[in-house]
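I am opening a notebook on this protein and will write down what I look up, entry by entry. The structure is shown first, and my notes follow.

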Amino acid sequence: MVPFAAASACGKFAVVLLLSYCGGSIARSLRIPVISGYLFAGIAAGPQCLGLLSPHDLQTLHPLEQVSLAIIAFAAGAELQAQTLREHHRVILCTMAALMSVTFTFLWGSLTVVSAFLPFRNSTGQVAEGDARSSPPAGVPPEIRAAVLLMSTVLMARSPASAIAVVKEMRSSGAFTTVTLSVSVAMDVVVIVLFSVNLAAAQSIVTGVPFSSAALLHPALKLGFSVTTGLLVGLGLQAR
């Protein structure tokens, strides 16, 4: 049954690819980015719309998703060049700092206020509701504070794949393009690190256990391994 399920999921995925191609063609005719057509086609084919791909199919295709993410990340990193980064490093760093600080502050404040009216499940499975009459964060349950912290961190992430797709389609180049791609890629790396830190902080908020830096060891090792592997592959390709 497992091979049949995998074959069925791959067949459905092939149909979705065809629909995505059609969606991209329609987007091109409407003079909007082709990737927008791909996204709309994916939404339409998902479990919440037409249901061409069920949740079980998505789980079966999870290895393909991981490979695709790796290819996207590799392609995004390959767009960056050390010389251009050195030339525009101040603009890139200032843009990242402004985007991350403003975005995180706005999201944290907005989600904290909205969470007072939304039910959350605590560690015992009971609904933990914020008190709208209390001033945050003192009147907000720890489960909600932890959820808001993690959501604010995740929503800071950008999409290098979308930026690369638009740049390639428009054949754009120059300082603005370089800064845009650099900020998109670098912010994703920073968000990964921040998410690891805030995940450990959220666990500390919910459980009451003091924050431990040991929780950051595993993400740090994975990030270090990725950077080392990328450098070795890059040096190997450059040597050829």
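Which residues is Ser 204 in contact with, leaving aside its neighbours within four places in sequence? I looked this up in what is a predicted model, and found that Ser 204 is in contact with Val 209, Pro 210 and Phe 211 once those neighbours are set aside. Ser 204 is found in helix H9, and it is buried because its relative accessible area is 18%, which falls under the 20% cut-off.

**Entry: the whole chain**

I then stepped back to the whole protein, which has ten helices and two strands. Reading from the N terminus on, I wrote the order of the elements as α-α-α-α-α-α-β-β-α-α-α-α. Of the 240 residues of the protein, 25% count as buried.

**Entry: helix H9**

I returned to H9, which covers residues 175–207, to check its length against expectation. At 1.5 Å a residue, its 33 residues should span 48 Å, and since the C-alpha atoms at its ends are 47 Å apart, the two values agree. After H9 comes Gly 208, whose phi is positive, near 80°.

Is Ser 184 buried or exposed? Ser 184 has its place in H9, and it counts as buried because its relative accessibility is 9%. Leaving aside neighbours within four places in sequence, I noted Arg 158, Pro 160 and Ala 163 as the residues in contact with Ser 184.

**Entry: where H6 meets H9**

How do helix H6 and helix H9 cross? The axes of H6 (residues 89–115) and H9 come within 10 Å and cross at roughly 55°, and the two helices are therefore oblique to each other. The crossing in which H6 passes H9 is right-handed.

I listed the residues that meet there: from H6 they are Val 91, Ile 92, Thr 95, Met 96, Leu 99 and Met 100, and from H9 they are Val 179, Ser 182, Val 183, Ala 186, Met 187, Val 190 and Leu 194. Sorted by class, this contact has eleven nonpolar residues, two polar ones and no charged ones.

I picked out Thr 95, which has its place in H6 and is partly exposed because its relative accessible area is 27%. Not counting residues up to four places away in sequence, Thr 95 touches Val 179 and Val 183. Thr 95 and Val 183 are 88 residues apart in sequence, yet their C-alpha atoms are 7.3 Å apart in space.

**Entry: where H6 meets H7**

H6 also has a contact with helix H7 (residues 142–154), and here the axes come within 9 Å and cross at roughly 145°. This crossing, too, I recorded as right-handed. On the H6 side the contact is made by Phe 104, Leu 107, Trp 108, Leu 111, Thr 112 and Ser 115, which meet Ile 144, Val 148, Leu 149, Met 151, Ser 152 and Thr 153 of H7. By class, the contact of H6 with H7 has eight nonpolar, four polar and no charged residues.

What is the phi of Arg 31? It is near 60°, a positive value in a residue other than glycine. I put this beside the general rule that most residues other than glycine have a negative phi. Arg 31 is found in the loop between helix H1 (2–29) and H2, and it counts as exposed because its relative accessibility is 80%.

Helix H2 (residues 34–45) has twelve residues, and I noted that it reaches 17 Å from its first C-alpha to its last, close to the 16 Å expected at 1.5 Å a residue. Its buried residues include Val 34, Ile 35, Gly 37 and Ala 41.

Tyr 38 also lies in H2, but it counts as partly exposed because its relative accessibility is 38%. Not counting residues up to four places away in sequence, Tyr 38 touches Ser 20, Tyr 21 and Gly 24.

Note on methods:
Residues numbered from 1 in each chain as written. Predicted model: local features only at pLDDT ≥ 70, side-chain atom pairs only at ≥ 80, totals over all residues. Heavy atoms only, no water. Axes fitted to C-alpha atoms, helices over the stretch in contact; angles between N-to-C directions. Helix = DSSP H or I, 4+ residues; strand = E, 2+ residues; numbered from the N terminus. Parallel < 35°, antiparallel > 145°, perpendicular 65-115°, else oblique. Left-handed = near helix turned anticlockwise from the far one by under 90°. Contact = heavy atoms within 4.5 Å. Nonpolar A, V, L, I, M, F, W, Y, C, P; charged D, E, K, R; others polar. Expected span 1.5 Å × (residues − 1). Buried < 20%, exposed > 50% of the residue type's maximum accessible area, 1.4 Å probe, protein only.
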